Every structure is written in structure tokens, then in C-alpha cells.
Amino acid sequence: MTPKPRAPSMPVSVWILAGISLSVALGFGIVAPVLPTFAREFGVGNFAASAVISVFAAMRLIFSPVVGRLGDRLGERTVLIVGIIIVAVSSALAGLSHSYVQLLTLRGAGGIGSAMFSVSGMSILLGSVSSELRGRASALYQGGFLLGAIAGPGLGGLVSGISLRAPFFVYAGTLVIAAIVGLFLPSPRRRTMASPTQETDVAETPLTWGELLRNADYQAACVTSFCVGWVNHGVRASLVPLLVAATMYDVPEQAARWTSIAMAVGAGVQAVAVMPAGSVVDRVGRRPPMIVATLAGAVGIAAIPLCHSIIPLTCVLAFYALSSAALGSAPAAVVGDVAGGRSTRAVAVFSMCSDFGSIVGPLAAGKIADSFGFTPAFTLAAIMWLAATAMCFRMPDAYRRPGGTGRGEWSGRGESAQ
């Protein structure tokens, strides 16, 4: 009788990276709510106060291509730790800033460090696990961010009661902890395409840029990443509070309170669902969950403006969170499958797609809402998800489950058929 293959265990590097993501997200969640208010202390308007947030994402986008080259030259672990330290130092100095220009400059520097951390961290994660674990590993990494994002704002409210500058120093402290934890990351070991479950110290031959850009799996992952940035970080985060204030509550304080509760419920559902979603991604492959999740995202985002009270809205946001849970692991797993252990540059482009969507999405959605109303803005977001669904249907889904074993492997380069 043939013994049943032993299920692979999650590498220690994945748990360390999940701890780092929790520390980083917790600190960011503490400082994020006070950023615009702190900027207004320097006598600037709402646009300039919002720019303090946008400059962080803009510098992430601009600097991400450089991170790929730095990772190849200096090593991903080194780039990750240096990036965290840059964010920590810039955050502490931001808490000491005495002018709006200083605050804006330091937030921009923090964006550079954030790009170094996020791209290198994801690259290490995807390169340290086999294809049969990438969905769960990505989900665990994403789960750390979600837990930090949920707990951070509540703690930020308490800390900001001391001083508007205090959250910046707490954020710097959580980043120092993350950098110390990063020192315990083992040196990344590479895997080959031919045998993804076997570790090797020999780096695989990476895809050329032409092969990468022609790859239908990678195309679908990048389009989905762009939609995640546009819709989740843009439309959902920026328009839902405005919709609630405009259609459900006349008192701004009530609108803000109930919007926070509804979005917290959605975040909680996503945090609970992210690990089961990662397991599904590993069991059935990347293509089916991505198709279902993007379709569900289109339905959920289109339904939001149809809600006329907070309870239906909360239910819709919870439903939408289920699609977000799957899209927190499946596209990242695709990038790991396509690029394998040599994934730094592929991850950089993948990350840039999300950052670009996060920058453009809120601006475009806000303009459409001002000119035509909320429903067209949400409808456009739903159409974008349907476009992502079409890209997912084109995926050959080179990640397969060999018959009867339940163990996944990468079976090819998956170039799209023309």
C-alpha cells in the first residue's frame, strides 16, 4: 500500500513575514486616521491635507521598479529591513515636523520605504513556498495586514487623545519591532519550476519580460491587482462614507459612526474568510476562485448604491468582503507560480498595478460621483470587475492538481493563446 504523501508544512519565513505584516499594519492603522487632521494643523486646506496620504502611495508607485533591481543586487531580506527602517525613521521625524512641507516630504520618504518592504516581503514569501502552499501563505500574510488594519484605528483613537503627534511615534515603534523580527528571516532559498516542492540553492531561469507580459495568468493577476486598488482602496474606501452621509443620515457624526461599523463588519468577515479562501486557492487552482471572486465583486459593488439603510449596506459589504478574501491570495499566488523564486521584479509590477489603481481610483470615482451621481461611479467599478473576470477566463491556469494526490505543481509558462 502506497503511503499517503505527507502534507507540506508552512515555512518559518512565512510566519515571520505574517508577524511583520501585523506590526506594520497595526502601526499604520494607528496613524492613518490622524494624518489629515494633523496636516490641517499647519493651516492647509482639505486638498493639501489629502495630498499627505496620496504622496505615500505615489512614491510607492514611482519607486517600486527600483526595488526589483535592489532586491537582485542586495538581497530581498536586506531591502525589506532597510525599507522598514526608512518608514520608521520618517514616521518619527514626521511626528516632530514643524511645517506642512516637512510632513509631506517625510511621508514621501515613507512611501519609498514602504515600496521596499512590501515588494521584497511578497517576493520572499512567494519564493519560499511551493506552489501547493502559495495560496495559504499569501492568505496568512494578508491576514496579518487585515488584523492590524482592524485593530489599529481603535488604538489610534486612544493614542491621539494624548496628542496628534503621539501616533507617529507609536507607528515608528511598531516598525522597529517589525525590523527586529525581520532579522530572524532565514536567507531565501530558491525553487525550480520543474520541481516546486523541492528546495534548491540554484536560482531558476527567470521569465524574460516578453514572456512575462505575454503570460495570460500574469496579465490576469495584474489586471485584478489594478481593480483591487481602484475599487477596494479607492471606490469602497472613499465613496461608501460619502454615500452614507448623503443618503442615510443627516447628522455627520452618525454617518461616520455607522459607516465605521459597517466597514468594520466587512473587514472582520474578510479576516475570517482569508485563510479558508487561501486553502481553496491551493486545492482547486487559481483560475476558478479568481473568476468567482471577480464576479462576486462586480455584483457586490454594483449593489452598494441600491442600499437605502445601514443594515442592507452592512450585509452587502460583508458579501463583498468574501470576494476580497479570495483576491487577497489568488492573484499573488499566480505571480509566484509564474515567476517562481525569482519574483522580485514581477512582484514590483504587480504591486505597481494596485498602487496606480489606489491613486487614480478615488480621484476618478469622486469626479464621476460629483458629475453624474453615486450609481455611475459604482457601476463603473462593477464593469471593471467584469473586465477582470474576462481576463481570468483567459487564464490557462497552469497550476494543476495531479490526479488523486491533492498536491499542486506548476506545469508550464502559461502563455496566452493568440
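Contact here means heavy atoms within 4.5 Å of each other. This is a predicted model, in which local features need pLDDT of at least 70, side-chain atom pairs count only at pLDDT 80 or more, and totals for chains, interfaces and linings use all residues. Residues are numbered from 1 along each chain as its sequence is written, and side-chain values use heavy atoms, with hydrogens and water left out.

**View 1. Val274 and its contacts.** Welcome to helix α10 (residues 252-284), where Val274 is found. Leaving aside neighbours within four places in sequence, Val274 is in contact with Ala139, Gln142, Gly143, Leu146 and Ala325. Val274 counts as buried because its relative accessibility is 1% (buried is under 20% relative accessible area, exposed over 50%, partly exposed in between, with a 1.4 Å probe and protein chains only). Val274 and Leu146 are 128 residues apart in sequence, yet their C-alpha atoms are 9.2 Å apart in space.

**View 2. The whole chain.** Step back and you can find 15 helices and four strands in the chain (DSSP runs, H or I of at least four residues for helices and E of at least two for strands, numbered from the N terminus). Of the 418 residues, 52% are buried. Among contacts between residues at least 6 apart in sequence, 83% join residues at least 24 apart.

**View 3. Helix α6 and its kink.** Follow helix α6 through residues 134-160: its 27 residues reach 38 Å from first C-alpha to last, close to the 39 Å expected at 1.5 Å a residue (the expected span is 1.5 Å times one less than the number of residues). At Gly152, shortly before Pro153, α6 has a kink of about 30° (the angle between axes fitted to the seven residues ending there and the seven starting there).

**View 4. Helix α7 and its cover.** Look next at helix α7 (residues 166-182), whose buried residues include Phe168, Tyr171 and Leu175. What covers the buried residues of α7 includes α1 (12-31), α2 (35-40), α4 (76-95), α5 (100-127) and α6.

**View 5. Helices α14 and α15.** Here the axes of α14 (residues 344-372) and α15 (residues 374-393) come within 6 Å and cross at roughly 140° (axes are lines fitted to C-alpha atoms, for helices over the stretch in contact, and angles run from 0 to 180 degrees between N-to-C directions). The contact is made by Ala365, Ile368, Ala369 and Phe372 of α14 with Phe374, Pro376, Ala377 and Leu380 of α15.

**View 6. Ser238 in helix α9.** Finally, find Ser238 in helix α9 (residues 216-247). Ser238 is partly exposed, with a relative accessible area of 24%. From Ser238 to Gly366 is 7.9 Å in space, C-alpha to C-alpha, although they are 128 residues apart in sequence.
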